[in-house]
Amino acid sequence: MSTLTPPETDLHPTRAELERLQARSPLFERPGFLIRRLHQIHGSLFAEETSEFNITPVQYSLLTTLETLGEIDQNTLAVEIGLERSSVAEVIPRLHARGLVNRKQAAHDKRLRLVRLSAQGRRLVAKMAPAVQRAHDRTIEHLSPAERDVFMLQMIRLVEANNERTVVPLRLPEATASDGDDDTP
């Protein structure tokens, strides 16, 4: 009997699985490819679950942000979801035409357009919530509950660590001691 062990048994089980899967395709060694591919998959699941509503993920982000923040200007809305102002300026008229948002000029600055969710928009967001949650759940359903938590944590860490490197950083609240930045138990 040989005392030598196969190379993969010397590795941590996660590393061994990673190497096995990466051997199937060089694309699996590229975080950018995997992120883009997972985004495509989630977009398909979102469309499948929400097809009856005719709302895109970006539109849903705008609507839910307005639901949370109330009336805000389009520039602030763009920063709140990390989207270019020009993209928001293209989406808002479509949502307005469907009666989902209301728009008006700001009294204090005529250059600013204020946007708020309409009553119809609030009803749509509420009606869509279960379908959107199904899309989110389906995106990560093949992970165990513990793996889902780790995956979400790692994505948040990467977004926060790289947020300022984008054309439009996402507005994030300042970290607090309760966010785990200190050594208190």
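1. The chain holds seven helices and three strands; helices are DSSP runs of H or I with at least four residues, strands are runs of E with at least two, and both are numbered from the N terminus. From the N terminus on, the order of elements is α-α-α-β-α-α-β-β-α-α.

2. This is a predicted model, in which local features need pLDDT of at least 70 and side-chain atom pairs count only at pLDDT 80 or more, while totals for chains, interfaces and linings use all residues. Residues are numbered from 1 along each chain as its sequence is written, and side-chain values use heavy atoms, with hydrogens and water left out.

3. Of the 185 residues in the chain, 25% are buried (buried means under 20% relative accessible area, exposed over 50%, partly exposed in between, with a 1.4 Å probe and protein chains only). Among contacts (heavy atoms within 4.5 Å) between residues at least 6 apart in sequence, 54% join residues at least 24 apart.

4. The three strands form an open sheet in the order β1-β3-β2, with antiparallel pairing; two strands pair if DSSP finds at least two bridges between them. β1 (72-73) and β2 (101-105) are the edge strands, each pairing on one side only. Two bridges join β1 to β3 (residues 113-117), and Ile72 has Val115 as its bridge partner in β3.

5. Helix α5 (residues 85-97) packs on the sheet and touches β2 and β3, its direction making about 120 degrees with that of β2. Axes here are lines fitted to C-alpha atoms, for helices over the stretch in contact, and angles run from 0 to 180 degrees between N-to-C directions.

6. There are eight salt bridges in the structure (a side-chain nitrogen of Lys or Arg within 4 Å of a carboxyl oxygen of Asp or Glu). One of them joins Arg116 and Glu71, with the closest N and O atoms 3.8 Å apart. Arg116 lies in strand β3 and Glu71 in the loop between α3 (57-69) and β1, so the pair ties together parts that are 45 residues apart in sequence. Arg116 is partly exposed at 37% relative accessible area, and Glu71 is partly exposed at 35%.

7. In helix α1, Arg15 and Glu19 are four residues apart, about one helical turn, and their side chains meet in a salt bridge (3.9 Å, N to O). Gln22, also in helix α1 (residues 13-22), is buried at 18% relative accessibility. Leaving aside neighbours within four places in sequence, Gln22 is in contact with Phe28 and Glu29.

8. Asp109 and Arg111 form a salt bridge through their side chains (2.9 Å, N to O). Asp109 is buried at 18% relative accessibility, whereas Arg111 is exposed at 72%.
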